[in-house]
Amino acid sequence: MEPLGFGDIVIRILAQFLPVWISLVVLFVLSFAYKRRLGLYGKLFDSPIGMVGFALVMFWVFTGIYAGFDMIATHDPLAQLSGMKNKLPGTPLSDAPDGVLPWYLLGGDNLARDVFSRMVHGATIVIAIAPLATLFAFMVGITLGLPAGYYGGRLDTFLSFLANLILAFPVILLFYLLVTPEIVLTGLPQFMAAVLFFFPLIFFAVLIHSRYRTQPKKDWTWLTIVLVPLFLFYAAAINMRGSKIGFWPLDFFDIPPGILVVFVAVVFVNSPTVFRIVRGLTMDIKTRDYVAAAQTRGETPWYIMLWEILPNARGPLIVDFCLRIGYTTILLGTLGFFGLGLPPESPDWGSTINEGRKLLSIYLHPALPPALALLSLVLGLNLLADGLREESLRD
Amino acid sequence: MIVTAICLTFVVFFLTNLYPNLEKLAKTQGNFRMSDEAVESWLNKEGYLQPLPIKYGQWLGVLPGWTHETDAGVTGRCIAGTKPAEVAAEAPRFCGLLQGDWGMSTVFREPVSDIIATRLALTGKLMFWVMVLMVPMALLIGVLAGMREGSATDRTLSTFSILTTATPEYVSGVIFIAVFTSSTVGLKWFKGTATSAMEDANFDNFFLPVLTIALYGMGYIARMTRASMTEVMTAQYIRTARLKGVKFSNIVIKHALRNALIAPFTVILLQVPWLLNGVVIVETLFNYKGFGWTLVQAAGNNDIELLLAVSVVSVVVVLLTQLISDIGYVFLNPRIRIS
């Protein structure tokens, strides 16, 4: 079979992304139709920069999701096919099995795997880890930042000291110390996970209890509905047979230790910055009249923090959330680039860039696609944050 | 600040001295088929099995170093090799960081202080050129963008600075190497490695690593400069100057710039810890054997003494820049100095 020309490659790649294009078009048509009823999200569609950013982000989100269901990738990201080592984009397979696309659209890497499929599957890993890790970092930062800003005093001094301690660490040094197989053996990441993953539980418990404190019946129903599944997840997430924490009987899933340690490290690095932002916002909002009004009504401090201050701090927090997902993506790439945590054959973007760079002066095609993919996702998130900031400042 | 430094080094000390790390060290230093008992006795002989705070005190140099007596003679932290008792008695009692004894690197087989000194000098050279390229560029972009908010220049430059902040070093470095150095594209303007730049840095082999680090930091500083510039440009006294009929270029240079540059100054200094990250990535990518490269080698080969020294140096650098930025801010901003 003939190798594909440049135009053919572009057309076939675009065709491969067909489900993503359809989803994007549907999403944008629906959002435009109901623009005025969707609040801040709808206003996003007034700013061209925000729209471009949103489209880039959603492109990778859809790609990640569909690739998770084996839709977009043309080959198995781990399969090595004979004779495809370092082959240029568009090279036909020598003996293609039935039902498989008979070309490597973006060529093969130095272990004869399909570069295109690996890039697409890399999106799944990023989409699975980055937003969730950022969310956890926000839970930790909010749960600690609100009381630090609201009460001030010794609690604030102590927590700020801890946050500055972590911030003074160069991130890469921290990764090299935390994310090694030896550290995983000691069970330290699991203990850290046990602490860090507990914050969402505290957050929701306090959130619900401070609201329904005076209606015990409603209070208990809500607490059970939210906390029981969360706790089951929490216990199953930190629990793993044959490691330091292995007592919980209802362990219905295991996180591979490599992923867990990466996740914990990223949350750990991100939460002090979130803490500082939340603390600053709280100290600012604390002086407003509606907080004084709530205090006069005799509301509890936690009610004021979570139901008066937090909703009013949401604008800057949402913007920072977008930026921080981008930063988390960069951190994940850094980890992959240094070969820390994730298994070496994993298709995440950082590891693929690291493998590709070794032969960069001869073969460009294994390193460039994941690099450009990462660039476009982070750029999209930055533009989205910019658009959101502009729109939220407007009113 | 000293408390912070002590806490941080203690954390590093704790993490590097966890038992699996020590076991690996014993096996690389002794032999790989050591039994568990042999590992334990080796670690005991080398003083690694003492309680953590004591070990930390010895490393810091505030507690006397350990000694271990056997039939063959005395070994100890401050004694090189096995010596008879009389010689050992003459050795100094304290030997740690404070006495200037940083230990031996197990990978390079050299004193740690020598390695750190040479590598830090190389990285200093890299950082100097990064600063030379980054700071004027960033300030220029920020000032030009913030001069007239919402203009076409502003839009273009802002997009450019967003693009640079969205490109981590390992992406921009790979793209630069691919475009400018590889034989496939054929431009071959620069060299893809900076190894030769360690002795003899010139434009060919040094520009790409410098540019790669500078670009990532530049966007952030430029955005900060732009924000502070736009704020100053809406101030009352600028309007007064315009109404008086002062030329626009004069307003920017003489009136606005001084006030607009206070905020970016602190940002530039606070960028140093970030640059440290960039340095590690870029030195690995371009194979420039500086401080960041040493960090990777030390961590990858479980070289405890070297890793500790690297952490101490980087933590001190970070804390010093924070201190300088605090002092500099007060110095630059009279409003804070007086209140």
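Q: How many residues does the contact take from chain B and from chain A?

A: This is a predicted model, in which local features need pLDDT of at least 70 and side-chain atom pairs count only at pLDDT 80 or more, while totals for chains, interfaces and linings use all residues. Residues are numbered from 1 along each chain as its sequence is written, chains are lettered from A in the order in which they are written, and side-chain values use heavy atoms, with hydrogens and water left out. Contact means heavy atoms within 4.5 Å, and here 46 residues come from chain B and 42 residues from chain A.

Q: How much area do chain B and chain A bury between them?

A: The size of an interface is often given as the accessible area lost when the parts come together. With that loss taken with a 1.4 Å probe and summed over both parts, chain B and chain A bury about 3,900 Å², 78% of it on carbon and sulfur atoms.

Q: How many salt bridges does the rule find across the interface of chain B and chain A?

A: A salt bridge needs a side-chain nitrogen of Lys or Arg within 4 Å of a carboxyl oxygen of Asp or Glu. By this rule there are 2 across the interface of chain B and chain A, including the one in which the side chains of A:Glu390 and B:Arg155 meet, at 4.0 Å from N to O.

Q: Is A:Ser271 buried or exposed?

A: Buried means under 20% relative accessible area and exposed over 50%, with partly exposed in between (1.4 Å probe, protein chains only). A:Ser271 has 7% relative accessibility and therefore counts as buried.

Key: Buried area = accessible area lost by both parts, 1.4 Å probe.
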